[in-house]
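I opened my notebook for a first look at this structure. Here is what I looked up, in the order I went.

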Amino acid sequence: MALMRIAAASSVPTLLKNVEKVPWSYCFRRANRIYEDVDVLAGVGEASMRTSIEGYSETGFLTNDGINHEGSIICLSKFTLLWTPKTVPEITPNSLTLFQLLRPAPEILILGCGRTIQPVSKDVKDFLRSNGIKLEFIDTRNAASTFNFLNEEGRLVAAALLPQGAQ
């Protein structure tokens, strides 16, 4: 084992001399070409990776990745999460703690309240304000389209959506 280490160590200066003979631009181009062959997202536009809400029902949502989400969801610029509240009174600062972790934080949170607009508690408003997030609460149908529009513009936006059938 010790002889192998000595042999390997003694070959390092020879390897370095040979590496110096190869132009770095050639190595970089070759490495970059290999990376492009492996990169599965190469050529995919930034906008096409953004989340959008393609449809909604009384019980859930259909997003542009083809997934039908049953229940409430939180949409961020590039992904969607399931969310536990089923009604506006169940929305608490605790149910929105995700927004304390996000960096950069969204500029605005669009809250879809179901079929009708319902105000949220003062605690929720204060929690979002303390995290630098503006709140807009509207019915779910309009919340989905507003989220899609702002997200396509590249704004830092999030949506917390209750299904259309929520009370």
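I began with an open sheet of three strands, ordered 1-2-3 and paired in the antiparallel sense. Strand 1 (53-56) and strand 3 (68-70) are at the edges with a single partner strand each, so one side of each has no neighbour in the sheet. From one strand to the next, I noted a twist that averages 25°. A reminder to myself: this is a predicted model.

Next I followed strand 2 (residues 60-63), which pairs with strand 3 in the antiparallel sense over three bridges. Which residue in strand 3 is the bridge partner of Phe61? I found His69 there.

I then moved to helix 3 (residues 98-101), where Phe99 lies. Is Phe99 buried or exposed? Its relative accessible area is 0%, so I wrote down Phe99 as buried, the cut-off being under 20%. Leaving aside residues up to four places away in sequence, Phe99 touches Ile74, Leu76, Pro106, Leu109, Ile133 and Ala158. I also looked up Phe127: Phe99 and Phe127 are 28 residues apart in sequence, and their C-alpha atoms are 9.6 Å apart in space.

Last, I checked the largest pocket, which has a volume of about 150 Å³. Its lining is made up of Leu76, Ser77, Leu102, Arg103, Pro104, Pro106, Leu156 and Val157. Sorted by class, I have six nonpolar, one polar and one charged residues in that lining.

Conventions. Residues numbered from 1 in each chain as written. Predicted model: local features only at pLDDT ≥ 70, side-chain atom pairs only at ≥ 80, totals over all residues. Heavy atoms only, no water. 1 Å grid on protein atoms, 1.4 Å probe; cavity = no way out; pocket = protein on both sides within 12 Å on 5 of 7 lines; lining within 4 Å. Points joined across faces, edges and corners; volume = space filled by probe spheres on them. Nonpolar A, V, L, I, M, F, W, Y, C, P; charged D, E, K, R; others polar. Pairing = 2+ DSSP bridges. Helix = DSSP H or I, 4+ residues; strand = E, 2+ residues; numbered from the N terminus. Axes fitted to C-alpha atoms, helices over the stretch in contact; angles between N-to-C directions. Buried < 20%, exposed > 50% of the residue type's maximum accessible area, 1.4 Å probe, protein only. Contact = heavy atoms within 4.5 Å.
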